[in-house]
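Dear colleague,

Please find below the structure that I am handing over to you. My notes on what was found in it follow directly after.

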Amino acid sequence: MFKHFSLPRLSFLSSSFPSLSLGLLLALLLGSSGLALLALTGWQTSPDAGFWQELWQDPWFWQVLKFTLWQALLSSFISVLLALPLARALVMDGQLPAKAVFLRWCLLCFVMPSLILITGLVAMFGYTGWLTPLLNSILGKGWSLYGLTGILLAHIFLNLPLALRVLSSQWASIPSSVWQMAAQLHLTGWRRFLLVEWPALRSVLPALLGFIFLLCFNSFAVVLALGGGPAATTLEVAIFQALKYNFNPSEALFLAVTQLLVAGSLFWLFSRWGKLEWLAPASAGQTWRPQTSRFTLWIGRFFYLFIALYLTLPVLGLLPTAVGKGLAGLPWLKLFKASGWSLLFALIASLLAVLMALQLSWVSRIKQQVGAQQKISWLSRLAPVAALHHLIIPGMVLSVGLYIFFMPFINWMDWGWLAIIWLNALIALPFSFSQLKPAVFSYQANYQRLAASLGLPFGIYWWRVVLPYLRPALKRVAAISLVLTLGDFAIFGIFGQPEYTTLPWLIYELAGSYQLAAAALASLWLLGLAFVGLMLLERK
Amino acid sequence: MGKVILIMKQCLSSFKSNVKWRGLLLLPLFFVGSLSAATLNVYTYSSFTSDWGPGPKLKRAFEEQCACELKYISSDDGVSLLNRLRLEGKNTKADVVVGLDDALIEEARNLKLVQPHGLALATLKLKSELDWQAADFVPFDLGYFAFVYDSEKTQPVTSMAELLNSDARIIYQDPRTSTPGQGLLIWMQAIYGDKTSEAWQKMRQRTVTVTKGWSEAYNLFLQGEADYVLSYSSSPAYHLIAEKSDRYAAALFSEGHARQVEVAALARHSNQLELGQKFLTFLLSEEAQQIIAVNNWMLPAREGVELPEAFSQLIQPKAIGFTPEDIHQKRQAWIREWRSAVSR
């Protein structure tokens, strides 16, 4: 019966303005990566005809590829598996203390400079780490951080928090009415899980796994340092080497394309496996959650304690180094200036990312949504590709490619800041998009036809109807974008200028000039800054 | 696909000609700019220009005597610096390039990034051990790669052979991603020649981990993760002067040490030649050499520079290694050899 009312919505969507701006956005997004890759193809340095074939036959290449895949798979599955029970507990157990702070802390793990993460983990688990004697006595002398263990510990540290955020918000989105109905039907335990909770998780789990998989696939400095040597290398290291030390863009391009194909097709497989499910709209007011059994409750609490310790101790372990030399050694003026620039860039870039994600998720519709009869325009089909593909293209390839391409026309010394903002927005976009999509989908499924039938003007419709509904999701997405862009290091390395040094770059400078204590302190400062930013952003 | 690229290229070239026209419009602005004091653009690496590097102090000292403005443009490190120059080609703003090293000289020459400095080398009082003849680059500091240890915990070894046969734990940097790592590559080749592969395999047994850059490695070492870390023979000077601690020292190896010479040159497309020459001469003045030594923690390239007492406590290694031409030619093969020896 809704069919009759859906006409105004269609006319609104097919009006020329949105599709024009959408086309422009898609052109910008796909164009950026297209031009970057094109620039690298066009760059002729010692064209090595046999290179592709040679690399193809090099056992080293296959070994690296295998290892990259293996560690990424392990990291993503362990991160998600560990996150599941805790995410559930965070939603179901009303008595867990300091949940909001904990969830904010979770996001901070994203900004942590890899140098600091390595230092923190080593302080706990390294040869002289303070947990090592304990581990040795449990495992019988054999404990060594370096190797797959170290890589997994670091990747779980970085990605488990992401999984927690995503899964807990998904669990929380199950409306009270559904829980109540399940209770009336006396569904408990596994049956409740399968009928009530699983559908909610199913929509995000595959994409989440795919996401974490890709993040670990592209990881590099951490893998090298904690992997214990070049036997543990990812493809990214080879790209870095090709672009930097050999300066052979065609070699880098080949590796990047390989990475694009392998990681991209895996990601595609992952995301095909999941689909967005229709959820009843969340009711306002008191949320009702069923009682959980004492056993599950305590398991959840144990996980909470255990994971909270795991996520905080490496950072706390930095404190002695950081404060040991006193606060005087820190260049406060420089620190404030760098913080200002960092915040400015991060805020603009994340605003940009959120807006783009909103537009793209609004138009990227799927078969289920429009029904079998209607056709999906190719622009809408392209939207998710445009939003997500930046996750697979290595940031270094994108940056260097764009740098080369626009060099004849743009003086990067004057306009580098523009590239910093744009590229950071591109890096944050896949995260924002995938997080925003379920909320937008649920709005469209529940309210769009109804709202469209009111015939409100465009501005009021968005301001009064859509935005209030999406606000919580938008805040969540903005928070992720903010920490991602705040922690950027690689893009600044290519486009940055000393006049607007950002905080991560300052930390790197400090660490490179023997100022390790100051670097640790500045890193804690960065974490603090991100924490305050999140607090303001997620304020009720 | 080829057609698409062709069309793109045509679009590009038409765009380029547009840019020229727009450039004409900007010409008056250019003249306004050049009325003020001359600016010298110095391309260098970031730890040189950071507050803890020699950059800011050198800038102050040079601007006092040149009636000009010195502007730093910094890259990650020497290799990024080279890449930036290569990418920018004719569009570069560089007048002077500071911070390439002897391993990169040959590549910079092949790419025609620099031009003759026109200075009389004899008047610069360069260290005789450098035996410097180049007409394009001048050296401004040098350092010996060395393994640094904690003297409170470790009895130092006296040769690379002894190190490889010991049960010490070592951290070094990846030669694919860092300058010291590349230094070790050269060092091992200079000592072991054809037998380097076996030496690397021994090294692998001793290795705790290999890091992307110097700071990760040094940081891990200071945390106690290894007995030796690959760094410079002058690293202990930092601890002596800035921390008043003689705890850390560099091990002197009887085979000799690989040496890194950092160099400066006039950029090929610079139009500030005279000022650039002035800056190069200034870099080798006694004042600048002192600033560089205690801020970049490297050794002076000039003879007889007065330095803090700590520098006389440093080891005095014998230099071994290869010519820039050799390094340029063989580096790839060496890296491959290292890679297959240590990743098994």
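In these notes, "buried" stands for a relative accessible area under 20%, "exposed" for one over 50%, and "partly exposed" for values in between, with a 1.4 Å probe and protein chains only. This is a predicted model, in which local features need pLDDT of at least 70 and side-chain atom pairs count only at pLDDT 80 or more, while totals for chains, interfaces and linings use all residues. Residues are numbered from 1 along each chain as its sequence is written, chains are lettered from A and ligands numbered from 1 in the order in which they are written, and side-chain values use heavy atoms, with hydrogens and water left out.

Cysteines

A disulfide is taken here as a pair of cysteine sulfur atoms within 2.5 Å. The search of the whole structure finds one disulfide over all chains. Cys66(B) and Cys68(B) are the residues it joins, at an S to S distance of 2.0 Å. The torsion about their S-S bond is about -85°, so the disulfide is left-handed. Cys66(B) counts as buried at 8% relative accessibility, and Cys68(B) is buried as well, at 9%. Cys106(A), by contrast, is in no disulfide, and the nearest cysteine sulfur, that of Cys109(A), is 6.2 Å away. For Cys109(A), the closest cysteine sulfur is that of Cys106(A), too far for a bond.

Salt bridges

Side chains of opposite charge can pair when their charged atoms come close. The criterion for a salt bridge is a side-chain nitrogen of Lys or Arg within 4 Å of a carboxyl oxygen of Asp or Glu. Over all chains, the search of the whole structure finds 15 salt bridges. One of them pairs Arg88(A) with Glu197(A), with the closest N and O atoms 2.7 Å apart. Arg88(A) lies in helix H4 (residues 59–92) of chain A and Glu197(A) in helix H10 (residues 189–202) of chain A, so the pair ties together parts that are 109 residues apart in sequence. Helices (H or I, at least four residues) and strands (E, at least two) are DSSP runs, numbered from the N terminus.

Glu197(A) also forms a salt bridge with Arg192(A), where the closest N and O atoms are 3.8 Å apart. Glu197(A) is buried at 0% relative accessibility; Arg192(A) is buried at 9%, and Arg88(A) at 15%.

In chain B, Arg84(B) forms a salt bridge with Glu88(B), the closest N and O atoms being 4.0 Å apart. Both residues belong to helix H4 (residues 78–88) of chain B and are four residues apart, about one turn of the helix. Arg84(B) and Glu88(B) are both buried. A network of salt bridges links Glu106(B), Arg109(B), Asp136(B) and Glu325(B).

Strands of chain B

Six of the seven residues of strand E1 (residues 39–45) of chain B are buried, so this strand is largely enclosed by the rest of the structure. Two strands pair if DSSP finds at least two bridges between them. E1(B) pairs in the parallel sense with strand E2 (residues 69–75) of chain B over seven bridges, and Leu40(B) has Leu70(B) as its bridge partner in E2(B). E1(B) also runs parallel to strand E3 (residues 96–101) of chain B, to which two bridges join it. There, Val42(B) has Val96(B) as its bridge partner.

Chain A as a whole

Chain A has 25 helices and zero strands. Of its 540 residues, 58% are buried. A contact means heavy atoms within 4.5 Å. Among contacts in chain A between residues at least 6 apart in sequence, 83% join residues at least 24 apart.

The interface

The contact between the chains takes 62 residues from chain A and 64 residues from chain B. Buried area is the accessible area (1.4 Å probe) that two parts lose on being put together, summed over both. Chain A and chain B bury about 5,700 Å² between them, with 60% of it on carbon and sulfur atoms. Tyr245(A), Phe409(A) and Tyr514(A) supply 16% of the area that chain A buries against chain B, more than any other three residues. The count between the two chains is one salt bridge. Lys334(A) forms a salt bridge with Asp51(B), the closest N and O atoms being 3.4 Å apart.

With kind regards
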